[in-house]
Amino acid sequence: MAVFSRCLSARASAALNPATAFAYIIRDLSASSSSSSSTFNSGSDLKSSSVLVQNPLHLNGGPEGRNVQWVFLGCPGVGKGTYASRLSNLLGLPHIATGDLVRDELTSSGPLASQLKEIVNQGKLVSDEIIINLLSKRLEAGEAKGESGFILDGFPRTIRQAEILEEVTDIDLVINLKLREEALLAKCLGRRICSECGGNYNVASIDIKAENGSPGMYMAPLLPPPQCSSKLITRADDTEEVVKERLRIYNEMTQPVEEFYRCRGKLLEFDLPGGIPESWPKLLRALNLEDHEDKRSAAA
Ligand SMILES: Nc1ncnc2c1ncn2[C@@H]1O[C@H](COP(=O)(O)OP(=O)(O)O)[C@@H](O)[C@H]1O
């Protein structure tokens, strides 16, 4: 396929520089975008093999001295943004969320905005061509500022995106966040964003009772500080109907991506045990990381 042969030559010339390698393939994607849905691979052929990451310790640093390149996978509402942003602060790596890139584009007066608004507000995925273009520009801008390594959130979301990413660079680790289904819808509906500082909060108080052998789970609301509380907005795609559609699309299009990485030995499955206080230390342990700030504030 033209895209992939271009990827290979891009990779050879870009030598592990994802921004440059992505830039090479945008033109090919434009040419093939009309046929992109017909080339979608459901991933069902990947289901037979499964290599679990037994010990992710060796994945904490990137090879050849470069910074790590990690990906967060998980259903809408699971908390990818929350944990990716915490890890990004801890490790000093850029947190690149393709959903944020799309929302930035929506608020611009660019020609793409109205086209994207309709797609996003219906809970559908935007085309591979558009998303790779946005990601490529973001990586290029970061590279110009001296960024290296990243924590990607929201990409890849289809097998095709995963194949392209795999061709342009080496992903070290894919963290697959999982949360009980009952909590996902409530978390999306409770999500609030400060229109001024962009802070993410959640007004939902999730209290799932223990039942039929499965344990209960409590997730406290994540309330905004006083200066943000009068400026909260809700994402236009966080309505019940649209969240259900996003969950359906995740199961159909993105779940196969979990298998794509599992069979390459890159997937770390992480079941969130509850809210941030229970989940963050457990996630750090799974990644063999320590948060000295957390320790300092606990000791204070
Ligand atoms: N990799 C991607 N491929 C296609 N569309 C994307 C991608 N990332 C983000 N989007 C678009 O942006 C929207 C918001 O993304 P995001 O904030 O990651 O949502 P979610 O909360 O559903 O994980 C998606 O519903 C989709 O329309």
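Two strands pair if DSSP finds at least two bridges between them. I also note that strands (E, at least two residues) and helices (H or I, at least four) are DSSP runs, numbered from the N terminus.

**Ground rules.** I am reading a predicted model, where local features need pLDDT of at least 70, side-chain atom pairs count only at pLDDT 80 or more, and totals for chains, interfaces and linings use all residues. Residues are numbered from 1 along each chain as its sequence is written.

**Entry 1: strand β5.** I looked up the partners of β5 (residues 191-194). β5 pairs with β9 (residues 232-233) in the antiparallel sense, over two bridges. In that pairing, I193 stands opposite I233. β5 also pairs with β6 (residues 200-202), again antiparallel, over three bridges. There I193 stands opposite N200. I then checked the hairpin of β5 and β6. Five residues lie between its strands, and G198 takes a positive phi near 80°.

**Entry 2: the ligand.** How many residues surround the ligand? I find 17, and the closest are P76, T98, G99, L125 and G154. A residue is near a molecule if its C-beta atom, placed from the backbone, lies within 6 Å of it. Two elements give two or more residues to this shell: α4 (98-107) and α5 (113-121). The largest share, three residues, comes from α4. I sorted the shell by class: eight nonpolar, five polar and four charged. For these classes, Ala, Val, Leu, Ile, Met, Phe, Trp, Tyr, Cys and Pro count as nonpolar, Asp, Glu, Lys and Arg as charged, and the others, Gly among them, as polar.

**Entry 3: α4 against α6.** I followed α4 to helix α6 (residues 128-144). Their axes are 10 Å apart and the packing angle is about 95°. Axes are lines fitted to C-alpha atoms, for helices over the stretch in contact, and angles run from 0 to 180 degrees between N-to-C directions. The two helices are therefore roughly perpendicular, a label for angles of 65 to 115 degrees. From α4, T98, L101, V102 and E105 meet I131, L134, L135 and R138 of α6. Contact here means C-beta atoms, placed from the backbone, within 7 Å. By class, this contact has five nonpolar, one polar and two charged residues.

**Entry 4: P281.** I found P281 in helix α10 (residues 276-286). Why is P281 partly exposed? Because 15 other C-beta atoms lie within 10 Å; buried needs 20 or more, exposed 12 or fewer, and partly exposed is in between, with C-beta atoms placed from the backbone. P281 and N17 are 264 residues apart in sequence and 32 Å apart in space, C-alpha to C-alpha.

Terms used
Parallel < 35°, antiparallel > 145°, perpendicular 65-115°, else oblique. Contact = placed C-beta atoms within 7 Å.
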